[in-house]
Amino acid sequence: MGLEGLNQLYRQVVLDAAVDQRYRGQLLNPTAVQLAHNPNCGDVLELQIKVSDRHITAIAFQGQGCTISQASASILADLALHQSLESMQTRISQFQKMITGKESVEIDQLGDASVFSKISQFPTRVKCAGLAWDALEQMLKNNQFD
Amino acid sequence: MSKNQFRDDFPILNNVKMNDEPLAYLDNAATSQKPQLVIDRISRYYSYENANIHRATHALALKATDDYEQVRDQVRHFINAKSRDEIIFTRSTTESLNWVAQRWGEAKLKPGDEIVLSILEHHSNLVPWQQVAKKTGARLRFLDFNQEGVIDLNAAKKTINAKTKIVSITQVSNVLGSIQPVKELALMAHQVNAIMIVDAAQSVPHFKIDVQNLDCDFLAFSAHKMLGPTGVGVLYGKSELLEKIDPEFFGGEMIEEVSKNEASFKSGALRFEAGTQNIAGVIAFGAALTYLQKVGFDKIAAQDRSLMESAISALQNRSQVKIYGSADPANHTGIISFNVGEIHPHDVSTVFDLDGVAIRAGHHCAEPLMNRLGVSATCRASFYFYNNLDDVERFLIALKDTEDFFNRHPSKESSNG
């Protein structure tokens with residue numbers, strides 16, 4: 001593959017998203033909080049959401065991590081804001097299928113997140129890309145949001 | 001550049017590409033590569049010599065038993081143990097350390113007793129002791145290290161006291177490469193009637209170990225970090241201590257005599273090796289030890305030194321690079337942990353990966369040490385004697401590629417907070 005692979009992995013939109021500050025930090029009175037941990041590198045990410053009428057009305061994350069995990073969290077936050085929990089469920093499942101590359105999948109609803117469509121070529125980084133998404137998936141599983 | 005005479009013995013070093021680039025393998029602290037003769041030894045055993053050991057009376061089994069037991073003698077001489085009964089084959093360093101923790105620690109410790117470790121320990125010399133402490137009510141105490149990455153003996157004098165029953169310390173840090181004063185710590189431990197355990201996973205591959213000189217009570221290491229196959233470990237234990245430990249697994253291989261209601265066990269190490277062992281692995285480990293002795297620790301040390309001097313002096317000129325541990329190349333044992341500015345270690349190691357340079361990024365199974373260093377992770381390049389200055393060069397090119405790529409794509413200033 002060589003170094004040209006770097007440009008595939010670190011597209012400009014990824015590099016920009018990694019330093020995007022809009023969703024960094026904590027929410028006041030979040031409806032749900034979820035920690036996600038990447039045991040390979042020790043990175044920890046905390047995701048918080050506010051839910052009203054089964055829609056995500058606010059979202060934030062904090063934690064240290066690599067370019068890929070931070071960018072993916074930013075992109076997820078931007079995508080999830082104002083979306084219904086049900087539609088996020090679909091997107092999470094699309095995203096997870098896309099990054100593992102196990103089956104071809106519709107990515108029409110993933111927006112900027114489709115930038116990670118080639119990440120299965122970098123198996124050691126799939127976990128980084130999926131970290132925030134796994135956290136949101138856990139949140140949706142663990143909470144009723146009624 | 002002088003040719004490294006050993007490289008041709010390792011098929012992976014000459015024939016394998018990683019991401020279309022020739023492989024520069026710098027992850028030796030995780031596992032070493034294997035010379036062809038070790039690979040062939042496994043194949044030869046299964047092709048022409050396969051039989052179960054210690055029981056059958058046929059010639060094939062006798063040869064397999066002899067070959068297996070000869071490796072026990074080889075290991076004994078390799079670390080200068082007093083007796084072959086002091087050498088137990090396990091699956092790994094981790095299993096060896098867990099074994100001591102459970103078989104000695106759990107049996108002997110009482111509430112209020114203290115186990116002394118260092119903040120440098122690999123999780124496999126930490127987590128087993130946490131479990132023992134929970135079960136017995138014993139307390140863990142930790143030795144800190146100085147700027148050189150070496151345990152401070154003055155502080156150790158205060159920490160190791162009458163309550164101390166076990167001192168268990170790595171001889172070489174798997175993150176910093178720094179060499180620890182285990183002989184001095186063994187003396188301190190014995191002065192208070194504690195036992196001394198040495199995690200030698202990173203030291204045995206690099207320098208001559210003499211367990212009688214160290215006067216440690218137990219010492220653990222793995223075959224796979226010193227040219228041998230995976231799945232073979234060694235636990236050295238002083239005879240007088242092993243005699244006080246009952247076997248934990250019962251069945252084939254380890255018994256002397258069995259009646260319907262009673263059984264007696266073999267003596268020495270054999271009573272701890274229940275069931276059919278990793279015979280091929282142990283025999284191939286013997287081939288690895290023979291090869292290593294032919295190379296010689298003088299050559300290994302000289303190569304370590306030359307690679308470390310070259311790599312560290314080049315890194316010291318890179319303003320973005322921070323090296324953890326000693327500034328002295330002699331105190332690195334082939335291991336360099338580093339970070340590149342604010343670039344996350346996983347991002348760094350991806351660039352190295354695409355350049356064909358295999359390094360490790362993460363916490364290296366030493367999270368307390370990462371906390372002590374104030375980082376969540378580091379990059380780690382670890383060398384062995386078959387690495388050469390070309391590998392150092394490749395390492396530096398990958399580093400430059402990393403800096404170039406991420407400096408070309410700098411982090412934007414945050415627009416809002």
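Across the interface of chain B and chain A, six residue pairs are in polar contact, both partners being at pLDDT 80 or more; a polar contact is a pair of N or O atoms within 3.5 Å, where within protein one must be able to donate a hydrogen and the other to accept it, and residues adjacent in sequence count only if both atoms are side-chain atoms. The model is a predicted one, in which local features need pLDDT of at least 70 and side-chain atom pairs count only at pLDDT 80 or more, whereas totals for chains, interfaces and linings use all residues. Residues are numbered from 1 along each chain as its sequence is written, chains are lettered from A and ligands numbered from 1 in the order in which they are written, and side-chain values use heavy atoms, with hydrogens and water left out.

Helix 12 of chain B gives the largest share, five residues. One salt bridge is counted between the two chains, a term that requires a side-chain nitrogen of Lys or Arg within 4 Å of a carboxyl oxygen of Asp or Glu; A:Arg125 forms a salt bridge with B:Asp347, with 2.8 Å between the closest N and O atoms.

Chain B and chain A bury about 2,100 Å² between them, 59% of it on carbon and sulfur atoms, where buried area is the accessible area (1.4 Å probe) that two parts lose on being put together, summed over both. Of the area that chain B buries against chain A, B:His346, B:Leu354 and B:Phe405 supply 26%, more than any other three residues.

Chain B itself is divided into domain 1 (7-26 + 296-408) and domain 2 (38-293), with bounds that come from an automatic or database domain assignment. The contact between them (heavy atoms within 4.5 Å) takes 34 residues from domain 1 of chain B and 33 residues from domain 2 of chain B. About 2,600 Å² is buried between these domains, and carbon and sulfur atoms give 59% of that area. Within domain 1 of chain B, the residues that lose the most area to domain 2 of chain B are B:Phe297, B:Thr333 and B:Leu369, together 24% of what that side buries.

The domain interface of chain B also has one salt bridge, and the side chains of B:Asp144 and B:Arg372 meet in a salt bridge at 2.8 Å, N to O.

Key. Helix = DSSP H or I, 4+ residues; strand = E, 2+ residues; numbered from the N terminus.
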